[in-house]
Amino acid sequence: MEIDKAIRNCNDRRLKTKYNNAIYVVKRALALYSSTEEVAFSFNGGKDSTVLLHILRAAFFLHQEEEGCSVDGLEKFPIRIIYFESPSAFPEINSFTYDTATNYGLVMDIIQTDFKSGLEALLKSRPIRAIFLGVRIGDPTAVGQEQFSPSSPGWPPFMRVNPILDWSYRDVWAFILTCKVQYCSLYDQGYTSIGSIHDTLPNALLCISNSSGSKEKFRPAYLLSDGRSERAGRAKRFSPSVLNPKSNGTSNTDLQKQSMLTASVIAVGDEILFGTVKDQLGLSLRRKVHSIGWSISHTSIVRNDIDSVAEEVELRRSSDEMVFIYGGVGPLFSDATLGGIAKAFGVRLAPDEEFEEYLRHPIGEQCTGDRNEMAQLPEGITELLHHEKLSVPLIKCHNVIVLTATNIMELDLQWDCLIELTRTGDLFPLLEPYKSKHLTTKLSDVEIAPSLAKLCLEFPDIHIGCYRESRSGPIIISFQGKNEERNQLATEALSKKFQPGAFSEINLHSPETLRLKF
């Protein structure tokens, strides 16, 4: 009961809430299954498992008290421990695990084959129906899991119980330090997330610089201030880019594809559809996308409705290389963007501890619940794009980028940061920007229509469009292409089809007024 007492005497309200929720999940599981023989705990010697071990100890005794059962004279902890002893595990992990078993009277079932085969054999020999796991949101195995989740197809049937599923890196260390429990010594050597000896290194963010050239030293894991970097010491798994324009062996076909990359722009907001506000962000964003050499294939405005957002995102993410979406992000009932994206990809919204760490400073005190609703992101597909100039990172879900700007100034900042991140991280290709030329004429639509139709066939690589600023005003013809010489040839070819002086070139300096297209 020293664990329960330590938590209740601390001043960390968030930790108390997380602890109470975890205790409730454990007690519920103990009530659901008739005896402790039907439950087990998968322990791996890591920090998350260490936290869960002590939560299980506290919850078991609290459950026994509520049931009016005595625990006097209990020499062994009654919930059996499953330990997978891997040849690629750190020796420190093995030592810590066996020392922990001795110190707390744990009865261990040791699996030395592969985990799945060993688990199948164990479940055949014992009446285990549920297994406690130290899984947290953000772990690769956490995708799709709830606090109670049946085992995956192809695995032996059992219930996965995840009492600390919504805990963050900060919560884990707050518990360990508050309760003063022992943990694996690797964490004092700068390891923040421990896998095998083949894919785990100390976290470089904890490295202590030294000029003597001696062996590097690292600060302990609990001093890592930003939980989003917990797995920085693991071998990185890079997701493929849409295209890699930096390849020296780029073929003409690839270059042609790159020149045709398309993006969609989606605005979310009933206030835009009702005409309550003017959509200034959409106009600015389309110009920005155009400035990096991409074509806009489609722009749309959808309602503040999860199904509407999901339908549009699902359609556009499949037809275009990138989708940029803005509006409808926040904790209000009308903020449906992230929920819609999650539905489009067939995943759920789940607490993201990295994002929650970022939100802690700007809005943490304003959050009245025990979980920040704004920190719920599409599970398993979200990448946070952090930039030092942004207080909160941008959100990327595969080929969908969520912009949270509410005005032009914020959009300019987010876009500039996104482009900087793209140059260093290859988020998407930055292509040759479009060059433009504009001609104006007092000729009528009927007079120039046949010649423009032929011109489009002669110059398929040039986007040729016409519009007027007023019904009675002159026609403005725009030529948009990647090659200035081609633009020039197209304007000259058009001029040659008419009398000299029929067209004059004009310079347009990014006009802010919308024009009617004809």
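Residues are numbered from 1 along each chain as its sequence is written, and side-chain values use heavy atoms, without hydrogens and water. Because the model is predicted, local features need pLDDT of at least 70 and side-chain atom pairs count only at pLDDT 80 or more, while totals for chains, interfaces and linings use all residues.

Q: What makes the contact of R348 and E146 a salt bridge?
A: A salt bridge requires a side-chain nitrogen of Lys or Arg within 4 Å of a carboxyl oxygen of Asp or Glu. The N to O value for R348 and E146 is 2.7 Å, so the pair meets the definition. R348 lies in the loop between α11 (337-345) and β12 (349-351) and E146 in the loop between β4 (130-132) and β5 (148-150), so the bridge ties together parts that are 202 residues apart in sequence. The whole structure holds 24 salt bridges.

Q: Why is D171 called buried, and why is R170 called partly exposed?
A: Buried means under 20% relative accessible area, exposed over 50%, and partly exposed in between (1.4 Å probe, protein chains only). D171 has 0% and is therefore buried, whereas R170 has 29% and is therefore partly exposed. These two residues form a salt bridge, with the closest N and O atoms 3.2 Å apart.

Q: Which parts does the salt bridge of D412 and K288 tie together?
A: The side chains meet at 2.7 Å, N to O. D412 lies in helix α13 (residues 408-425) and K288 in helix α9 (residues 280-291), so the pair joins parts 124 residues apart in sequence. K288 is buried at 14%, while D412 is partly exposed at 29%.

Q: How do you know that L177 can belong to a nonpolar surface patch?
A: Patch residues have over 30% relative accessible area and no salt bridge; like charges are joined within 9 Å, and nonpolar side chains (Val, Leu, Ile, Met, Phe, Trp, Tyr) within 5 Å. L177 has 41% relative accessibility, so its accessibility passes the patch cut-off. The patch of L177, Y222 and L223 covers about 250 Å², with areas from the Shrake-Rupley method and a 1.4 Å probe.

Q: What makes β11 and β16 paired strands?
A: Two strands pair if DSSP finds at least two bridges between them. Strand β11 (residues 322-326) and strand β16 (residues 400-403) have four bridges, in the parallel sense, so they count as paired. I325 stands opposite V402 in β16.

Methods. Helices (H or I, at least four residues) and strands (E, at least two) are DSSP runs, numbered from the N terminus.
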